[in-house]
Amino acid sequence: MLYLFQEVVTLGYWLYMLAVSLLIPLTMIILGRHFMSNPPKDINSFYGYRTSMSMKSRETWDFAHRYFGKLWFILGLILLPLSVIPMFFLLGKSVETIGNASLVIMAVQLLFLIIPIFPTEAALKKNFDQFGFRR
């Protein structure tokens, strides 16, 4: 009976960690798609891709959201199977193993989440001057 209980707990934990590992890729896909087609209407410091360069003008704001959104959408699609497939190899493993492997998966996800900032800023600097006017 105790063995069955442990198996149920382990499966429940695995399902929970599977759901958690889907959060970042799905967020990237959903927000990436939204930013590509519908950048936030107003330049604001609350919501959207907010850097000093992206907030220079309406044109930089829209450009940054479309560029960043496209990167997030594509990387989210790539990250989704890269996050789910390893989780299936953890099925039936101990809670500790599932937790440690999930931590590695989430660290990789955070890299995918942050890395698009660099090419977006480079594209902004390439296409706009320091005042936000198109080159």
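Modeller: Ile115 lies in the loop between α3 and α4, helices being DSSP runs of H or I of at least four residues, numbered from the N terminus. The model is predicted, so local features need pLDDT of at least 70 and side-chain atom pairs pLDDT 80 or more, while totals for chains, interfaces and linings use all residues. Residues are numbered from 1 along each chain, and side-chain values use heavy atoms, without hydrogens and water.

Together with Leu110, Leu111, Ile114, Ile117 and Phe118, Ile115 makes a nonpolar surface patch of about 560 Å² (residues with over 30% relative accessible area and no salt bridge, their nonpolar side chains joined within 5 Å; Shrake-Rupley areas, 1.4 Å probe). Two elements, α3 (95-114) and α4, each give two or more residues to this patch; α3 gives the most, with three.

Helix α4 (residues 117-127) also meets helix α2 (residues 58-89): their axes come within 10 Å and cross at roughly 145 degrees (lines fitted to C-alpha atoms over the stretch in contact, with angles from 0 to 180 degrees between N-to-C directions). From α2, Thr60, Phe63, Ala64, Tyr67, Phe68 and Leu71 take part; from α4, Ile117, Pro119, Thr120, Ala123, Leu124 and Asn127 (heavy atoms within 4.5 Å). Nine of these contact residues are nonpolar, three are polar and none is charged.

Within α2, Asp62 and Arg58 are four residues apart and therefore separated by about one helical turn. They form a salt bridge, with the closest N and O atoms 3.3 Å apart (a Lys or Arg side-chain nitrogen within 4 Å of an Asp or Glu carboxyl oxygen).

Conventions:
Nonpolar A, V, L, I, M, F, W, Y, C, P; charged D, E, K, R; others polar. Patch = residues over 30% accessible without salt bridge, like charges linked within 9 Å, V, L, I, M, F, W, Y side chains within 5 Å.
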